[in-house]
Amino acid sequence: MSADENVAVPQPLSGPRWLLPSALLAEFDPDTDRPGRRPRRTGRDWIVDFSAFFLAVGVGLLGADAVSDNPNVSHDFAVLDQWIGALACAAVWLRRRWPLGLAVATIPAGAFSDTAGGACMIALFTLAVHRPFRYVAWVGGISMALVPIYYRLRPDPDLPYVVAVAIFVLLTAALVGWGLLVRAKRHLMLSLRDRARRAETEARLRAEQAQRLAREAIAREMHDVLAHRLTLLSVHAGALEFRPDAPREEVARAAGVIRESAHEALQDLREIIGVLRTGDSDDAGRPQPTLAALDVLVAESREAGMKVTLDSRVTDPGAVPASVGRTAYRIAQEGLTNARKHAPGAEVSVSVTGAPGEGLTLSVRNPPPEGEIPHVPGSGQGLIGLTERATLTGGRLEHGVEGEGGFGLRAWLPWA
């Protein structure tokens with residue numbers, strides 16, 4: 001799997017998009033993403049922007065009336081106040097594009113103009129929603145620090161100095177708190193969305209891992225089963241090739257073994273393909289072999305011309321747990337297959353001992369082959385798979401050259 005496939009792809013929204021802010025919609029819905037460009041305003045954004053503009057204008061009109069009636073403000077300064085407020089109200093439409101720049105620009109505007117009061121509050125609120133707290137702290141702190149100076153130079157005719165300063169400071173703090181609350185809510189929504197995406201990714205990865213493990217198990221079964229069957233085919237086909245003048249009875253017996261082995265191999269292959277297609281467990285199809293089927297396996301090898309001795313000291317093979325018995329069967333099957341390929345004609349000894357509480361011990365040994373044996377290609381995956389099987393059941397497997405060139409497999413499997 002590539003790295004790109006591990007990244008959770010955002011799923012398109014199924015609900016109405018116009019109810020979300022454009023900042024959240026760009027995160028939630030990949031269809032609205034425009035690289036290098038700002039996201040388009042949604043229906044909700046237009047409603048909020050018009051409401052903010054009309055609110056700024058309404059507060060500005062109240063401020064214009066108040067500054068006109070204020071005896072402490074000259075007529076020329078009142079006109080200038082209204083022009084500054086009008087420009088500030090028009091700049092409210094830029095609050096989404098430049099929230100920090102607008103908030104900084106409204107600091108001097110609010111310090112000299114009552115009419116710009118509504119626009120200044122909306123700019124500070126927008127800054128709290130769209131920018132980190134450090135920017136809000138600086139801009140809000142400067143605005144609050146200018147309040148006492150503003151009311152000292154232009155006292156309110158209807159309110160005492162302390163009351164006017166306190167009201168403005170509380171209003172500014174409330175706006176900042178409201179903006180920070182909106183920002184925290186949006187971040188919470190984004191974090192929940194990210195957690196949902198990660199959960200979907202992890203679930204998909206777990207499903208893919210389970211599929212991979214199932215395929216590996218099926219591959220091991222295919223190797224164990226088909227290698228044994230096809231080795232029998234190879235041995236008897238080779239015998240017919242090198243002894244075309246063999247007696248009729250031997251030719252018929254070899255042909256029967258080839259036919260039976262081919263039939264069994266095809267049947268096993270059909271079952272494995274059926275598991276891959278339907279996703280059934282390993283218990284589908286024919287019953288899986290257990291330790292009780294070890295006698296049949298040895299008999300098949302003897303019919304193929306191998307010299308095999310079986311020493312079974314397990315009083316009740318049927319009492320062996322199914323997983324342990326199946327693993328022991330596969331180990332014996334792989335040992336006989338390897339002996340047939342790498343030491344043809346050598347006598348193979350299979351020994352099984354064990355009891356409940358002591359575990360099950362299985363060994364497959366063969367002496368070195370007689371004469372030169374041509375190299376038989378192999379991947380070595382069979383022994384690796386058997387070692388993994390034994391480890392998964394809580395046992396162990398050892399293999400290697402023994403004595404004067406022979407080979408042996410020795411496994412211990414738990415039997416509770």
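**Close-up views of a predicted model**

**View 1. The largest nonpolar core of the model.** The largest nonpolar core has 29 residues, and L291, V352 and L360 are those with the most contacts inside it. At least two residues of this core come from each of α9 (294–303), α10 (322–342), β2 (347–355), β3 (359–366), α11 (381–392) and β5 (406–413). The largest share, 7 residues, is supplied by α10. The structure shown here and in the other views is a predicted model. In soluble globular proteins, nonpolar side chains tend to be buried together.

**View 2. Surroundings of V352.** Leaving aside neighbours within four places in sequence, V352 is in contact with L291, L294, D311, S312, R313, V314, L360, T361 and L362. L291 and L360 are also named, with V352, as the residues with the most contacts inside the largest core.

**View 3. V59 and the residues it meets.** V59 is found in helix α2. Its relative accessible area is 29%, so V59 is partly exposed. Apart from neighbours within four places in sequence, V59 is in contact with G117 and G118. The C-alpha atoms of V59 and M121 are separated by 10.0 Å, and these two residues are 62 residues apart along the chain.

**View 4. A nonpolar patch on the surface.** The patch is formed by W46, F50 and F54, which together have about 340 Å² of accessible area. F50 is found in helix α2 (residues 43–69). With 39% relative accessibility, F50 counts as partly exposed. W46 is also partly exposed, at 40%, while F54 counts as exposed because its relative accessibility is 53%.

**View 5. The tilted pair of W46 and W93.** A search of the whole structure finds 7 aromatic pairs. In the pair of W46 and W93, the ring centres are 6.5 Å apart and the planes lie at 50°, so the pair is tilted. W46 lies in helix α2 and W93 in the loop between α3 (75–91) and α4 (99–112), so the pair ties together parts that are 47 residues apart in sequence. W93 counts as partly exposed, at 27% relative accessibility.

**View 6. The stacked pair of F50 and F54.** These two residues form a stacked aromatic pair, with 6.2 Å centre to centre and 25° between the planes. F50 and F54 are 4 residues apart in helix α2, so about one helical turn separates them. Ring pairs link W46, F50, F53, F54 and W93 into a cluster.

Note on methods. Residues numbered from 1 in each chain as written. Predicted model: local features only at pLDDT ≥ 70, side-chain atom pairs only at ≥ 80, totals over all residues. Heavy atoms only, no water. Core = buried A, V, L, I, M, F, W, Y, C linked by side-chain atoms within 4.5 Å. Buried < 20%, exposed > 50% of the residue type's maximum accessible area, 1.4 Å probe, protein only. Contact = heavy atoms within 4.5 Å. Patch = residues over 30% accessible without salt bridge, like charges linked within 9 Å, V, L, I, M, F, W, Y side chains within 5 Å. Areas by Shrake-Rupley, 256 points an atom, 1.4 Å probe, with all protein chains shown as cover. Salt bridge = Lys/Arg side-chain N within 4 Å of Asp/Glu carboxyl O. Phe/Tyr/Trp six-rings, centres within 6.5 Å; stacked < 30°, edge-to-face > 60°.
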